[in-house]
Amino acid sequence: MQYSDSLPAHNAESLLVHFRRVERLKEQATEFKSVYLNPRQLCDLEMLLNRAFYPLEGYMCRADYESVLADMALADGTLWPLPICLGVTEEFAATLTPGEGIAVRDSEGFMLAVLTVSDVWKPDLAAETFAIFGEDGDHSVAGCNCDLEDPWYVGGRVEGIAFPQRYDFTDIRMTPAEVQRFFVQKGWRKVVAVQASRPLHKADRAMLEEIALEEGASLLLSPLLSPSMYSSVDHFVLVRSFQQFSDTFPRNLAKLNLSPWFQRSMGPKGALLRAIVNKNYGCTHMLVWDSGKMKPRLNALSDEYEAHIHWLSGYAETTGVIPVAEHCMSLDKATGKYVNSAEGGLCGNDHEAVVDLLVKGEPIPDWMSFPGVIRELSRKYKPRWKQGFTLFFSGLSGAGKSTLAKVLYVKLLELNHRPVTLLDGDIVRTNLSSELNFSKEHRNLNVARIGFVASEIVKNGGVAVCAPIAPYPESRRQARHMVEEYGGFIEIHVSTPLSVCEQRDRKGIYAKARAGIIKGLTGVDDPYFEPENPELRIDTSELTPNEAAHEVLMFLSDNKYI
């Protein structure tokens, strides 16, 4: 349908429309096509709606998009370094016409906004990536953040119905307008924006206190969150550690705010966009961290990093935000305090050292971090003997995976340190994946399900003993990624040769495969890709089940899991 209703002026503080307009849009929504946003796209929509992306009033149209890539400016000449686009499939794009309304929804179908289509076009992603990164670009990165291999872009003005629903830390989620009012109430004329994707410690506090003193400014602290973290343990640990860190400052020096901005990893242009966003939040300065790629974290700041600061400084008058370089801080052993060490000494932070000590179960020195921050980090970074973990066996049918898994299941229960769950291949196929066949897609899906269940077990401090065939490396990597967010993942390749597996053939499946009765048997007419770097390899043709289980238990003991 053509969408030609007149558009009322947006609220100056957001792109949310008047409630009477909301009622009208909801009535019309039954005739709208819908687009459903992933977590990254939801962040961008919220940044549009709350005016953090001011002066944008919607997703970029083609003229703005092409101007941004060519000149780092919107079509009207306003500085803007990166595209903010909505990506859709080619099939969906083919159904759209200019003037049409699209319902913009979250993954659950809740309508957050209406986009009035102005432009629909197919971008050149290689050219977009080159414009953003130059020669070093990753062509998988696109301005739409849509994870589509071949997206089309839709541009147009947005009318907001509601902000994306957030249920966590609502007391520290302030819009740009709310933050600016806070600054006015406090009389803060200069504010340094400090965003970080890791917890901050005593060296960081000493540096920020020094910067605040030098600039005569207060601090706006914001954790940088990956959208994939919003429902993970990492998310809550990072935000709570920021809360504890913020509390170490005097009330009139620092304010904590949780914004939907996420780390775009788009180089200097990403930092320039962050400066524009920080200006919209009312900040006058912005701390620019050294990414760690620019220097070996030793001695003075590198020439490359200083050049990066100089480049950003060239836009300070336009953005209204002055970039501030990271200070190198080192511990003065005589006083037990951190001091500026620009002329030499250790540059960087203590976060990796804090995590390493927590995982080893060793005490954190008082000079390194704050008790509250350590307490929050210890919720995630537990000593290995307190973590959950997964034993993930992989190998051919008949290799001895199930037998070894059952022996270890019993022995780990006997230790009585943690709850233990057995996820044997046949058990999973019967109770979790009964509708799946043995195609590559379904085999990978079966392993992904095992990885998800194992990650939930590990998250709650338990042990998952998994014994699928898992012939493909991509699904094994996926399982590892899911589990390692919460604890240990020990991949064990049961490397028993195919000839031995066929001799055992208790189920008769190899005989049937050789006779052509069944198809797609791993090792016969479907490949098994051996793990390249498993934690253990065990050949059960050379060991009894108890001997093989002893090797696994020795590994767990040597690596402090038990």
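Ala, Val, Leu, Ile, Met, Phe, Trp, Tyr, Cys and Pro count as nonpolar, Asp, Glu, Lys and Arg as charged, and the others, Gly among them, as polar. By these classes, the lining of the largest cavity has six nonpolar residues, one polar and one charged. To see this lining, select Phe389, Leu412, Leu415, His417, Arg418, Val420, Val463 and Ile562. The volume they line is about 50 Å³. The structure holds four cavities of 30 Å³ or more.

**Confidence**

This is a predicted model, so colour by pLDDT, which is the predictor's confidence in each residue, from 0 to 100. The average for the protein is 89, and 92% of the residues score at least 70. Now select residues 1-9, where the pLDDT is below 50; the stretch has 27 contacts in the model beyond near neighbours in sequence. Residues 293-299 also stay under 50, with 24 contacts beyond four places in sequence.

**The second largest pocket**

Select Ser397, Gly398, Lys401, Ile469 and Lys507, which lie nearest the centre of the second largest pocket. They are among the 39 residues that line it, and the pocket has a volume of about 940 Å³. Which helices give two or more residues to this lining? They are helix 14 (401-415), helix 15 (425-431), helix 16 (440-459), helix 18 (498-504) and helix 19 (509-514). Helix 14 gives the largest share, five residues. By class, the lining has 17 nonpolar, eleven polar and eleven charged residues.

In soluble globular proteins, nonpolar side chains tend to be buried together. Select Leu45, Phe53 and Trp80, the residues with the most contacts inside the largest nonpolar core, a set of 68 residues. The largest share of this core, six residues, comes from helix 9 (residues 267-280). Next, show what surrounds leucine 45: leaving out residues up to four places away in sequence, leucine 45 touches Leu37, Tyr59, Val104, Leu112, Ala113 and Val158. For the second, separate core of 40 residues, select Leu238, Leu253, Leu357 and Met368, which are included in it.

Go to helix 6 (residues 176-186). Which of its residues are buried? Pro176, Ala177, Val179, Phe182 and Phe183 are. The buried residues of helix 6 pack against strand 7 (191-196), strand 8 (218-223), strand 9 (254-256) and helix 9. An α-helix has 3.6 residues a turn, so residues three or four places apart point the same way.

Take alanine 177 as an example from helix 6. Buried means under 20% relative accessible area; alanine 177 has 14% relative accessibility and therefore counts as buried. Now select asparagine 280, in helix 9. Asparagine 280 also counts as buried, because its relative accessibility is 12%. Alanine 177 and asparagine 280 are 103 residues apart in sequence, but their C-alpha atoms are 8.2 Å apart in space. Apart from neighbours within four places in sequence, asparagine 280 is in contact with Arg51, Ala52, Phe53, Tyr54, Pro176 and Gln180.

**Backbone angles**

Most residues other than glycine have a negative phi, and most peptide bonds are trans. The next stops are exceptions.

- Select tyrosine 54 and proline 55. A cis peptide bond joins them, with omega about 15°. Proline 55 lies in the loop between helix 2 (39-49) and strand 2 (58-59).
- Select methionine 72, in the loop between helix 3 (62-71) and strand 3 (86-88). Its phi is positive, near 55°. Is methionine 72 buried or exposed? At 10% relative accessibility, methionine 72 counts as buried.
- Select phenylalanine 169, in the loop between strand 6 (152-160) and helix 6. The phi of phenylalanine 169 is near 50°, again a positive value in a residue other than glycine. Phenylalanine 169 is buried, because its relative accessible area is 16%.

Notes. Residues are numbered from 1 along each chain as its sequence is written. This is a predicted model: local features need pLDDT of at least 70, side-chain atom pairs count only at pLDDT 80 or more; totals for chains, interfaces and linings use all residues. Side-chain values use heavy atoms; hydrogens and water are left out. Contact means heavy atoms within 4.5 Å. On a 1 Å grid over the protein atoms alone, a cavity is a set of points where a 1.4 Å probe fits but cannot get out, and a pocket is an open set with protein on both sides within 12 Å along at least five of seven lines; lining residues have an atom within 4 Å of a point. Grid points are joined across faces, edges and corners, and a volume is the space filled by probe spheres set on the points. Helices (H or I, at least four residues) and strands (E, at least two) are DSSP runs, numbered from the N terminus. A nonpolar core is a set of buried Ala, Val, Leu, Ile, Met, Phe, Trp, Tyr and Cys residues joined through side-chain atoms within 4.5 Å. Buried means under 20% relative accessible area, exposed over 50%, partly exposed in between (1.4 Å probe, protein chains only).
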